[in-house]
Amino acid sequence: GSNEFMRSFMTTQQGTIVIEGDGISVLEIDANADLVRTGPVLLPYILIQTSDSGYFGLDRWYSNRRNPDLSETWNFLVEPVFDTESALEYQPNSYLMSGISLYAGPPWHLEVLGVSDPGIVDFHWEYPEIEGLAQPAGMYTTNSGGFLIAGRIDAETDITDFFLAELDEAGNLLRYVYYDPLTGIGGYRVFVTHHADGGFTFSGLFVTATDTLRLVRTNFAGDVLWAVPSPLTNGWNNIHEMVASPDGGYYLSAADRHWSAAARIDARANLLYERPIMYQPPHRKATYTQIGFLPDESVVLATSLVEFGSPFSTHEIWLARVDSWTAPWVLTADAGADTVTVQAGQPLTWTGTVRNTLASNRATDIWLQARGPDYQVTPPFSIWQNVGVAAGDSVSGELTLTVPVDALNGPHNLLLRVGNYPVYEYEAWFTVNVAGGIPVPPVQPME
């Protein structure tokens, strides 16, 4: 479209994808990106799937309820909790939301509102002892029938930290944990993941000299089990979302100015995969990414883009589905190593799988490119092959590059891509150390 900006994105239990935002109706599409249905625009920032396969949404001002076919059941003005970024269906047709009431402050404090169909306020709980700009990122029920609320809080001027609050079923505050020494100054984005042992993983991005991401894992009591900096490389500090994977690890979505990326880390935040997915040219910028996975564990990355132009800039939403997380391509010259030494004039061969998850036949490109620090292709290390793959099928792929006899000695960084611009199902970096080629010219001293 020409002016579409994503507000909410989710993958459903039925294996579909729901997107809502400015400039579009709410859309539900299947795993092959075919349209299933549309619904009226209600612009929620938060959208959750309910027990009857319908939806409950919040846009900070209004809450709304949708049927499974996306039609609206009811909506009402959320008062007094006006700034809320989290929702929970704690029993069928009853919902919890938490945040702050801007009418009441400053100083602000955490507030919780209970709502049931068809838009009836059941209770309103306030916690003056949890003072600050509280922005819950997750709410969960406990085995005793109470609630856990976790997120970020600006408890002091320009100080942002993680917090965890436990309530009983009547809304009484049982404990409040404030993680002051673990984070930093000026944080502005937090995600939480709740685990089977009752603990949490907090993910936060903080405004420092390097915009650092931190991951903090706690147990149910709120004790810190570990805290680590960002495991990502390649400058992916701008983490937009974190979701738990079925094996106890996490999927992360990220972006810099021109790339949207997806990453997977294990339960101890060790990096497993890190894949740039969509590249945008200089006149376009990836502004926001969200990530989710379908029942077959394929990953869906949604990206909001802005295209700069005259007289107006426009917005678009792109989707990419990735299903090759566990099928890396290998460099056969050295038993799958990602670093190899080769004589100039000798061939190198990569092998792997080319998949087609679409409902129609397509031709898939396999690219191998040498990349300089400016991301531009550096000749003569470039080669590509086009492989035709039937709908829903996969074939073995192979790509062979002969290192030029006039290649410079030393390391060359090669980027292997499988897919079609601007979406690549697989990307990986390899380092080739060339020997027997042209010596690197010596650096001339400055006069």
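Trainee: Are Phe123 and Trp125 buried or exposed?

Mentor: Start with the term: buried means under 20% relative accessible area, exposed over 50%, and partly exposed in between, using a 1.4 Å probe and protein chains only. Both Phe123 and Trp125 are buried. One caution: this is a predicted model, where local features need pLDDT of at least 70, side-chain atom pairs count only at pLDDT 80 or more, and totals for chains, interfaces and linings use all residues. Residues are numbered from 1 along each chain as its sequence is written, and side-chain values use heavy atoms, with hydrogens and water left out.

Trainee: How many aromatic pairs are there?

Mentor: Rings of Phe, Tyr and Trp (its six-membered ring) pair if their centres lie within 6.5 Å; planes under 30 degrees apart are stacked, over 60 edge-to-face, the rest tilted. The count here is 10 aromatic pairs. Tyr90 and Phe123 make a tilted one, with 6.3 Å between centres and 50 degrees between planes. Tyr90 lies in strand E9 (residues 83–91) and Phe123 in strand E12, 33 residues apart, so this pair links distant parts of the chain.

Trainee: Why is the pair of Phe123 and Trp125 called stacked?

Mentor: Because the planes of Phe123 and Trp125 are at 15 degrees, with the ring centres 4.1 Å apart. Elsewhere, ring pairs link Phe56, Trp74, Phe76 and Tyr95 into a cluster.

Trainee: Where is Glu28 found?

Mentor: Strands (E, at least two residues) and helices (H or I, at least four) are DSSP runs, numbered from the N terminus. Glu28 is in strand E3 (residues 26–29). Glu28 is buried, at 4% relative accessible area.

Trainee: Which side chain joins that of Glu28 in a polar contact?

Mentor: A polar contact is a pair of N or O atoms within 3.5 Å; within protein, one must be able to donate a hydrogen and the other to accept it, and residues adjacent in sequence count only if both atoms are side-chain atoms. For Glu28 the partner is Arg37, at 2.6 Å. Contact in general means heavy atoms within 4.5 Å. Not counting residues up to four places away in sequence, Glu28 touches residues including Tyr55, Pro68 and Leu70.

Trainee: What is the phi of Leu70?

Mentor: Near 80 degrees, a positive value in a residue other than glycine. Leu70 sits in the loop between strands E7 (62–66) and E8 (72–77). Leu70 is buried, at 0% relative accessible area. Ser53 also has a positive phi, near 70 degrees. Ser53 is partly exposed, at 23%.

Trainee: Which residues does a cis peptide bond join?

Mentor: Asp117 and Pro118, with omega about 0 degrees. Pro118 is in the loop between strands E11 (109–116) and E12 (120–131).
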